Amino acid sequence: MRYGLRTRQGVLVAVGAAYVFVLAWFNRQPIPTTALVHESDSSVKLRQTQDGHLASGNRDFNWLEPGRYLPANTENTSPPPGVIDIESGLLHIRLHSEYRTTKPGVPLAGLLKVYRKSLTFIGGAKGGAERKWELLFVDRLPGPVKLSHLDRSRLRNADGSYAPRHLAVLYYVPMNETMTFRTRMYDLESLHKSPAFDSAVEAAGSAWDELRSAEVIKEKAAKLSAVRLACDLKLCPNDNIGFADKVYSGARFDECVGVSGLQMRYVDVALPGTLDVVEFSLRGRTLVYSRLNDMVRFRMLALPAALNGTLLGDGASIVQTKGPEVTEYLRDIGRQSFLTQLHSTRPENGVDLFLVDGDTVGDTFFFSFSFMQNTTALGEKWSHDDIKRYRLPVHQQFSGLSRDELRLVNDPPLVDNAGLTSVFYFKATDIIVTVDTEWFRDHDSSNVTQLQRVRESRPPYISTLNSPVAVNMTLDDSGALLAMSTVDDELFVFSRAHASAIRHILDYRRYFRLPSLLPWAASEPVSSIDTLEDGETDVFNWQLALTWQPSTLMVVSWEDSFISPDNPFPTTQRFIARAQQQQQPTTTCLRFLHLDSAQLAQISGDGGHALLGAKGRSASGRPADAAAADSTVCVVALSAAGRVRIWELDSRRQSPHILWPFITEHWGLMFMLAVAVSCCVYNERRWG
């Protein structure tokens with residue numbers, strides 16, 4: 001009797017366990033996992049800005065950029081363009097949109113910090129241990145920051161060189177009852193030693209070294225000395241102590257440099273008019289923006305630039321061009337709009353723009369994206385082509401949406417561009433839209449056709465329940481790889497093919513060809529738009545290639561402490577995050593890095609073991625030796641506290657986790673199943 005009772009109880013438990021295992025097996029991800037080769041420890045963290053110095057509306061912007069690229073030769077041989085110089089390190093740019101100041105009449109300002117980290121530690125033991133971030137440059141803008149945009153397209157100039165990367169920051173300066181908008185554009189390739197640095201260090205004497213080495217500054221004389229050095233001699237204080245925030249908020253503070261004396265060149269441009277700016281982007285030497293209640297859809301400023309692409313600050317040479325007139329003014333209530341520039345298929349002769357519009361009509365939110373272009377062949381007229389339109393029932397005044405869904409509707413898309421490729425991730429529709437600028441000609445034909453290739457991809461495994469949770473996105477320099485991270489710090493890497501089997505692509509940027517190969521004169525006055533019907537796919541759609549998730553799903557954050565006043569994303573639905581309702585996604589930005597294999601071997605030395613360069617297959621499916629002939633590809637993630645994670649894409653393995661991720665992902669189902677099995681077991685025991 002008792003033996004039969006135990007048997008029935010064991011069968012109930014075994015059936016429940018088998019049911020869970022079968023569900024987990026059929027829901028497993030058949031995608032290999034990339035290898036995490038490095039993760040910073042707590043000793044290399046950056047100090048967070050004190051909350052008292054940040055206004056309630058502050059937003060933090062973060063970027064990761066290589067310090068310098070290796071020069072490419074004209075024969076397109078190794079090293080190929082897009083490969084970074086490991087010895088130049090990695091730049092981390094942090095921008096506070098609203099930083100409190102004590103300057104009269106300027107209660108809030110933008111604050112930009114530039115840090116640098118050496119990458120020689122990836123060479124293994126010979127490269128040494130990972131070093132801390134070094135503060136290079138601090139710049140306080142005259143007003144709060146409205147928008148920002150990083151242009152890293154690096155298109156080639158007429159002499160074959162690459163145009164510099166620019167970070168455009170839009171800020172505003174209130175004056176009486178009007179508001180002036182200005183754009184400060186930083187040249188990322190122009191890090192140079194400040195001309196006054198040596199004389200400033202000589203004037204400071206030993207005081208600067210003593211203040212930089214001090215962990216705490218308590219004496220009033222020392223504080224006054226730190227303020228004098230930063231405001232008068234432009235020498236930054238020790239950024240690792242809290243007193244540095246008071247120095248940056250001082251009434252006389254403008255900018256300062258770190259121990260290396262490097263500063264970044266920038267130019268300021270005033271935008272005509274006083275209406276509020278809602279859209280803003282920079283590509284090359286063209287600045288595009290739109291204003292609320294303006295009579296035209298957007299405006300463009302052609303900025304003066306040198307032959308190598310460096311922007312000049314001569315305001316007299318700026319030429320403004322107006323977009324098409326609108327029948328209804330832009331509003332900021334119940335409406336979403338976004339525009340960005342694409343690389344024109346008719347350089348110097350036309351402008352191509354990608355527009356996103358969302359508006360509420362009745363109880364439905366309509367979301368669409370379209371393509372607009374202008375060319376001198378059309379007599380300065382604009383052509384507008386609708387590409388796609390979605391609809392979302394929201395009931396009256398968004399009453400049918402939850403708070404999290406409302407944020408998804410109002411949040412702008414994730415955007416990145418590199419070369420001739422632009423990528424957009426729209427949270428409300430959970431799709432990735434990719435636009436490639438291409439030229440091609442058919443076989444045995446001299447006719448050249450230019451087109452904008454538009455592809456939509458719905459990323460698998462990105463959504464949890466009904467809410468997209470992707471918060472960071474980056475595109476590699478070739479446009480072949482795309483990486484996204486989620487609120488749970490999971491990583492997804494997508495890849496795609498480029499060349500069509502039936503047409504010869506003349507994409508001079510993707511294959512790093514010279515401008516002389518670019519067909520400037522094409523047979524059509526405007527660009528063609530290449531799209532697919534619903535349900536169709538081709539080699540230009542994104543395919544999931546690699547994944548990664550934290551090895552533990554316990555309630556352990558990547559950061560020991562994570563503080564941010566901005567919370568644009570809802571907490572995840574997963575069980576791990578419900579135990580920490582206020583926890584933010586710790587990854588703030590991602591970046592692909594292409595490392596030169598020869599330089600990597602030189603850093604690791606003879607017989608050395610580098611962190612990168614593992615054997616296997618690359619994310620694009622090429623053999624490892626063929627990929628290593630060009631470069632070693634990795635993804636770098638940056639946390640809010642400056643800690644770094646590095647994944648090598650040429651090292652891949654099948655994920656061994658099947659059961660535990662499924663249990664934590666569907667913890668509600670597991671709980672109900674455990675309750676049901678427990679009740680059955682108890683019932684058998686009671687009546688037995």
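Asp 187 is buried (under 20% relative accessible area, with exposed meaning over 50% and partly exposed in between, for a 1.4 Å probe and protein chains only), yet Asp 187 has no salt bridge. A salt bridge requires a side-chain nitrogen of Lys or Arg within 4 Å of a carboxyl oxygen of Asp or Glu, and the nearest side chain of opposite charge, Arg 265, is 4.2 Å away; in this scheme Lys and Arg count as positive and Asp and Glu as negative, while His and the chain ends are not counted.

The model is predicted, so that local features need pLDDT of at least 70 and side-chain atom pairs count only at pLDDT 80 or more, whereas totals for chains, interfaces and linings use all residues. Residues are numbered from 1 along each chain as its sequence is written, and side-chain values use heavy atoms, with hydrogens and water left out.

Asp 187 is located in strand E9 (residues 178-187), strands being DSSP runs of at least two E residues and helices runs of at least four H or I residues, numbered from the N terminus. The side chain of Asp 187 reaches the backbone nitrogen of Glu 189 at 3.0 Å.

Turning to the cysteines, a disulfide is a pair of cysteine sulfur atoms within 2.5 Å, and Cys 236 is joined to Cys 256 in this way, with an S to S distance of 2.0 Å. Cys 236 lies in the loop between helix H4 (220-231) and helix H5 (243-248), and Cys 256 in strand E11 (residues 255-257), 20 residues apart. Both Cys 236 and Cys 256 are buried. Cys 231 is too far for a bond because its sulfur is 8.9 Å from the closest cysteine sulfur, in Cys 256.

Methods:
Polar contact = N/O pair within 3.5 Å; in protein donor to acceptor, adjacent residues only side chain to side chain.
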